[in-house]
Amino acid sequence: MPHPFLCGHATHPRWDLAVALVLAQLQAQRQTLTRRGVSSTPNLGMVYLTDALSPHAADILDELSAQLPEVIDWAGATGQAIAATGVEYVNEPALVVLLCDLPPDQYQVFSGVAPLGHRFDAETALVHADGATPDIADLVAEMAGRVASGYLFGGLSSGRDGGRQLALSRAGTVPGQARVRGVFAGGLSGVAFGPGVSVLSRVTQGCRPLGPPHRVTAAEGPVVLALDGQPALAVLLGRLGVSLADDPHLRTAALDALRATLVGLQDHADDRSPRTGHFGEDVRIRHLVGIDVGRKAVVVSDRVSVGQGLSFCHRDARAARADLVRICAEIREELESPSEALHPSGTARAGRGGDAAGSAPGAARQALGAVYVSCTGRGGDHFGGPSAELQLVRQVLGDVPLAGFFASGEIAHHRLYGYTGVLTVFTSG
């Protein structure tokens, strides 16, 4: 029977003492399980560090490996901030460790120097990536094509040093799997999971649409020339109700409104208005990086194609809270309800002998642990105070062992997102 994951987290100016505090928490949790007659032998560790500890990442991996010899595989990343059960650590040296007890043949650590083995039957994957890698969006999409469900979850490492990825395996080499060790920059790394590892995952958006979506009718790369057959800049100014007139006060107000505006992109235009305060998972939030007055165009931080849907939006704390509650409640309902054959994101699909979790339809499920990746532009202050985002997850989802980080871009399905949170819960049948 699968066992609940173990989670420890701490902050301390000295990295070795921070690790010691985490190890003490993990040991206490194992002793509690032992007193209950549960023998937990974790073999996979996930570790996330704030960028203040990034220079010590290799030392931290060595110390964790030495003190937890039964944990043979490690994966993680550094972030501008990190997340744990009900708390976030920002601008301080901190780490969080999540220990997982999984069937050893149902996961595989991978990195750029040790790619995912072709003989491994991957269903889903936790992916950590370097946003500075050229064509990173294409690499993510290619990786999604290598897992049976097409579903990835994770994010881009963040921090003052650009972020680092952690991948370590002491399992030795097996057919189809190379040896992995170290701290990495560039490319992708993470853990692929087989069909015997059950996950439920959701994406939460943090922006409020300013109206129904438009259809892109003319574009050149990131430059949007026309929406619905009209000059894109005119459509945007009309949506915001501002003008670039010669009056300096009006012009200042218009520029302030433009700076506060973001763009939601869809692969295909959809004339239906989004639900109030809620974009679907098919929408990717991007920055509005400029305007071209001469061509009456707007410029966004992504390539745009004719036929795509484009919505203007604002960041909105109330909408972000409501949508975060929604995804936590949906996952909790999935856990408490008899299961169908499910895709990891919760949509029904034809199973491979069960649901995406590998449990039989109709079986009850228990949350074993969770990984939460949120955007560096979200966090407690956006939700009302320090750790408010993680406290909200805990209030709705329950006291589930959780680890994660704040990313410079979030990964879900086969896409890169922005201003989102990706919550993934490991479950048992």
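Trainee: How many salt bridges are there?

Mentor: The count comes to 18 salt bridges. Keep in mind that this is a predicted model.

Trainee: Give me one to start with. Which residue does D16 meet in a salt bridge?

Mentor: The side chain of D16 meets that of R14, with 2.7 Å from N to O.

Trainee: Are those two buried, exposed or partly exposed?

Mentor: D16 is partly exposed, with a relative accessible area of 27%. R14 is also partly exposed, at 47%.

Trainee: What about R332, which residue does it form a salt bridge with?

Mentor: R332 pairs with E336, and the closest N and O atoms are 3.2 Å apart. Both residues lie in helix α6, which covers residues 317-336. They are four residues apart, about one turn of the helix.

Trainee: And how exposed is each of them?

Mentor: R332 is partly exposed, with a relative accessible area of 35%. E336 is exposed, at 58%.

Trainee: Where do the side chains of E334 and R365 come in?

Mentor: The side chains of E334 and R365 meet in a salt bridge too, at 3.8 Å from N to O. E334 lies in helix α6 and R365 in the loop between α6 and β22 (366-375), so this pair ties together parts that are 31 residues apart in sequence.

Trainee: Buried or exposed, those two?

Mentor: E334 and R365 are both buried. They also belong to a network of salt bridges, in which R202, D323, R326 and E330 are linked with them.

Trainee: Now a charged residue without a partner. What is the nearest side chain of opposite charge to D130?

Mentor: That is R164, 5.8 Å away. D130 is buried yet has no salt bridge, because the cut-off for one is 4 Å.

Trainee: Where does D130 lie?

Mentor: In the loop between β8 (124-129) and α3 (136-144).

Trainee: Which backbone nitrogens does the side chain of D130 reach?

Mentor: There are two to look at. The D130 side chain reaches the backbone nitrogen of A132 at 2.9 Å, and that of G186 at 2.8 Å.

Trainee: What else does D130 touch?

Mentor: Leaving out residues up to four places away in sequence, D130 touches I136, S157, Q165, A185, G186 and G187. So G186 turns up both among these contacts and as a backbone nitrogen that the D130 side chain reaches, with a contact being heavy atoms within 4.5 Å.

Trainee: Changing topic to empty space. How does anyone find it?

Mentor: Rolling a probe the size of a water molecule over the atoms shows where empty space is left.

Trainee: What volume does the largest pocket have?

Mentor: The largest pocket has a volume of about 650 Å³. Its lining is made up of 26 residues, and A137, R286, D302, L416 and Y417 lie nearest the centre.

Trainee: Which element supplies the largest share of that lining?

Mentor: Helix α3 does, with five residues. β19 (284-292) and β25 (415-417), like α3, each supply at least two residues.

Trainee: And cavities, how many of 30 Å³ or more?

Mentor: The count is one. The largest cavity has a volume of about 30 Å³.

Trainee: What lines the largest cavity?

Mentor: A84, T85, G86, L390, V393, R394, G398, V400 and L402 line it. Helix α8 (residues 388-397) gives the most, with three residues.

Trainee: One more residue. Where does M46 lie?

Mentor: M46 lies in strand β2, residues 44-50. M46 is buried, with a relative accessible area of 0%.

Trainee: What does M46 touch?

Mentor: Not counting residues up to four places away in sequence, M46 touches W74, A75, V96, V97, L98, C100, L126, F193, V371 and F426. The C-alpha atoms of M46 and G76 are 5.4 Å apart, while the two residues are 30 apart in sequence.

Trainee: And the protein as a whole, how many helices and strands?

Mentor: It has eight helices and 26 strands. Of its 429 residues, 56% count as buried. Among contacts with a separation of 6 or more, 79% are between residues 24 or more positions apart.

Note on methods:
Residues are numbered from 1 along each chain as its sequence is written. This is a predicted model: local features need pLDDT of at least 70, side-chain atom pairs count only at pLDDT 80 or more; totals for chains, interfaces and linings use all residues. Side-chain values use heavy atoms; hydrogens and water are left out. Buried means under 20% relative accessible area, exposed over 50%, partly exposed in between (1.4 Å probe, protein chains only). Lys and Arg count as positive and Asp and Glu as negative; His and the chain ends are not counted. A polar contact is a pair of N or O atoms within 3.5 Å; within protein, one must be able to donate a hydrogen and the other to accept it, and residues adjacent in sequence count only if both atoms are side-chain atoms. On a 1 Å grid over the protein atoms alone, a cavity is a set of points where a 1.4 Å probe fits but cannot get out, and a pocket is an open set with protein on both sides within 12 Å along at least five of seven lines; lining residues have an atom within 4 Å of a point. Grid points are joined across faces, edges and corners, and a volume is the space filled by probe spheres set on the points.
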